[in-house]
Structures are given as C-alpha cells and as structure tokens.
Amino acid sequence: MDKNKTIEYVVNEWAMRSPDGLAGGHDTPENMQILNEILQELGITEAPVGSSTQGQVEIQKFSLADLVENKGFNPEIAKMIKGSLKFVPKQDRDIFLDQYYDNMSINEACDFLTKNLSTYNQFLSYLDDEVRTRATTSVGRGEYALVLLIKGCKTGGQDSGDLVLSGGVTADVKEIEAGTFRATQASFGSGGFEKVPFVKAVNQLISFCGRNPESVDILKNLVEEAEIKNEGRGKDKTSTLTFLNTLSWNKINCGSTRGLLKIMAHIQGLKPEEFESAGTGDKVEFDFDDKEATFAIQDLPQQEKVKLTNPNVQPGTPVTVQISPISDKTNQLILPQLKKLDLFAIPAGGISEVFTNKNIAESMFAAMQHYSGGIVFYDLDNGFDYEEDLKKMKNPFGFYSYAQVGPTFKRLKQL
C-alpha cells in the first residue's frame, strides 16, 4: 500500500460519512469535523507548534495509517490488526510497541515468537484465525505476526502472501505439520518447475514409456530383479509398481523415487545403499543379424545358462540357444536405452548427485527463486524456523510426494 491508497480510503470514507456526500463542500464545519475524526482514527496528526517538524503530518505507531502505509495492509485488514493489540498481555503492550513492533530482524522475530508461543498464543490465534481468513489472498499462518515485528517488512498485499523485506527481498511463511509442507508450482516461477532436473528426468521416462510400451514390463521385471521391498515410509515396491502402471505424476512419492533409484543402481551395477562400483561378473556375447549384444549370464534362464557354461561339445562348435523375444528386446534394445535416460544414468557429477529424496528436495528448493529471502517454517507446536539459504538448510527436507498443485516435502529425519 502507498500514500495514494491512504488518500483514496480517506476520501471514500469521508464521502460515505458526510450527510450530503460532500455535496455542500468539503470545508463546511460538519464535513471538516468528520474529516478530523477519520484522520484521528487513522492515527494521522499534525506535528505540534514549536517542534522540529511543525506543520508536517505525523503517523502514530501501530495506527491504521501506519499499518496501511508502512506495513502494506489494506484498510479493512489494518482495522482488524489494530484490534489485535488487545490480545497482547496487558503488562507487555507498552514494551511490545516500544521495543518489539517493527524493530526486529527476521531471525529475532522468529526466536521471539518461538520462545513466547504460550504468552502470545491469543495474539497469534487472533491474527491467524480471525484476520488471516478475511484476506483476499493466500496468507500463511504466522505471517501477519512476522510482518508486524520485522523492521521495514511489508505484506505482499494483493500481489502475494509473501513477506517483503527491506530492499525488496521476498520471503515466505510455510506452515508445516508433522514435519511436512507443500509448495505450489507457482513457487518456481513460470515454467521453473519443469526445469528441475528430477522433473525433467521423470517426464523423460514417462515420454519414453509412452513411445515404448514394452519398457513398462521391463521396468516391472527390474523391480523384482533388484529385489525392491516394501520398506520404510512410502512402501517402495508397491509405490514403484503403481507409478509404472499409471505413469502419473500423482503417483510419484518418496517410495517410488527410492524404487526407481534402486532400479538405477541395479542396471548400473551399483550398490543402492552405498552406490559403490560393483564387479561386472561373467558375460557372453551374441551376434543378432550382425549386431553384437552382451548379456549377463546370471540373467539368462537356467537351461540356457548350462548350455553356455557347459555345452558338452568341442570348442568352436555352434551352440543353439533359445532366447525369448522379451529377453532379446530387454537386453539388445530397451535396456541400453533405459540406462541412458537421465533417471537411470550415472550423473556427470558422480554418484553423489543421483536422485535421492534429499537431492531432489535440494534441487527443487534451489529452483524456488521466488523466495530470494528464504522461507520461515511455522510449526504450530514448535514455533518458527527461518531458513535463509534454501541450498544449505540447517534442518533439511527430503522430497515426500507430488500432489496436483506441486511437490510435498518432509523433514529428512522423519522421512
């Protein structure tokens, strides 16, 4: 909000309260009295005679004008916020206005509210349950309290629910429950979500399976070969198979991502728990229509394996081996292509960059350029936790799931 908004509010309110709608002139005694009443309500006064600012308009702290012009609230919301002061403990009201209001850094504000959750419970509840629900934009719980405490901070107003810090840097407040919170695709900016490496890799796999339907059966077989179990939160095996059956983003979660990662480790010969190089083992080469293909012996049916390892013929004697179409297709055509997909390839930066849930979350947070000032995470039971650098979080998150509007994250220690 700027001064023009305040002026617009005063003029509209003045005309509405005037018995004649200001038709008789703005300077009639009655209309002037009404104007003074409105200005007093807003906390706008003229500096007294003899002061260094004599004749200048002054705005009282925590007045409607202050909340509108300096904190960015629209007048209706500002009226309600002004009333929130009655929920500050009576003995703390003076010190709240003198030392806390519009006088803290974002870290100080988070620490203050966290340490005083019980003392300021009614204050926070009023702002969140009464005022916030009247807003016309999406506003996070705890956001209004932070706007009031942080020096130079404004609400994003009609444009967004963000905290606009000094210098125009934006931060946001995300409510978390049981260590979980959801982000929207809008957080990534226009087209930003689709540019996240993991998102590109999943879309690439979905597209590949659409062009090569048989690859789905191959991947489902690999789930068995890799011995993926229903372990941990997300049930890895079930979630992976559900995703492969639907090829839907709504079935991407922490379980299916772990399952896909284990498939990657299996086909690349890596240990999924440590991602160390594994031995290649025995192999045999075949010639299909002058095209060479390589098979791991342990992947062949037992009968064919015996023929290869113990053919009971003289060296150089041709051996006939029956290979099913799916095995042929798997090893000669589809599997090599799958290994080259971003989701299953070894990253250029090495094993440390594979798509673990931690790495997925970090890359997504790094892409949330909208939050140049970081994110405040608000847990109703545990208070406020400010993460300024989303690439190096003190209390990191892991990717948890995808739901319609965007990704969901969970504290890594709870994943």
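Which residues of helix H6 (residues 106-115) are buried? They are Ile106, Ala109, Cys110, Phe112 and Leu113, where buried means under 20% relative accessible area, exposed over 50%, and partly exposed in between (1.4 Å probe, protein chains only). Looking down the axis of H6, these buried residues fall within an arc of 165 degrees, so they line one face of the helix. The arc is taken from the directions that run from the helix axis to the C-beta atoms.

Some ground rules before going on. This is a predicted model, in which local features need pLDDT of at least 70 and side-chain atom pairs count only at pLDDT 80 or more, while totals for chains, interfaces and linings use all residues. Residues are numbered from 1 along each chain as its sequence is written, and side-chain values use heavy atoms, with hydrogens and water left out.

Now for confidence. The protein chain averages a pLDDT (the predictor's confidence in each residue, from 0 to 100) of 80, and 74% of the residues score at least 70. Over residues 47-56 the pLDDT is below 50, and this stretch has 11 contacts in the model beyond near neighbours in sequence; a contact means heavy atoms within 4.5 Å. Residues 323-327 also stay under 50, with 6 contacts beyond four places in sequence. Where pLDDT is low, the predicted coordinates should not be read in detail.

Zooming out, the protein chain has 15 helices and 12 strands, which are DSSP runs numbered from the N terminus (helices H or I, at least four residues; strands E, at least two). Of its 415 residues, 44% count as buried.

What about the inside? A nonpolar core here is a set of buried Ala, Val, Leu, Ile, Met, Phe, Trp, Tyr and Cys residues joined through side-chain atoms within 4.5 Å. The largest one has 54 residues, of which Leu205, Leu338, Phe344 and Met364 touch the most other members. Elements that give it two or more residues include helix H9 (197-211), helix H14 (325-340) and strand E11 (397-403), and H9 supplies the largest share, 8 residues. Leucine 338 is in contact with Leu205, Phe208, Ile218, Leu219 and Phe344, leaving aside its neighbours within four places in sequence. There is also a second, separate core of 46 residues, with Leu127, Val139, Ala145 and Cys153 among them.

On to charges. A salt bridge is a side-chain nitrogen of Lys or Arg within 4 Å of a carboxyl oxygen of Asp or Glu, and by this rule the count comes to 10. In one of them, aspartate 236 meets arginine 258 with the closest N and O atoms 3.0 Å apart. That pair links distant parts of the chain, helix H11 and helix H12, 22 residues apart. Aspartate 236 is buried at 2% relative accessible area, whereas arginine 258 is partly exposed at 21%. Another bridge joins glutamate 362 to lysine 358 at 2.5 Å; being 4 residues apart in helix H15, the two are separated by about one helical turn.

Finally, a couple of backbone details. Phenylalanine 62 has a positive phi of about 65 degrees although it is not a glycine. Its place is in the loop between strand E2 (57-59) and helix H3 (64-69), and phenylalanine 62 is buried, with a relative accessible area of 4%. Alanine 178, in the loop between strand E5 (170-176) and strand E6 (180-182), likewise has a positive phi, near 55 degrees.
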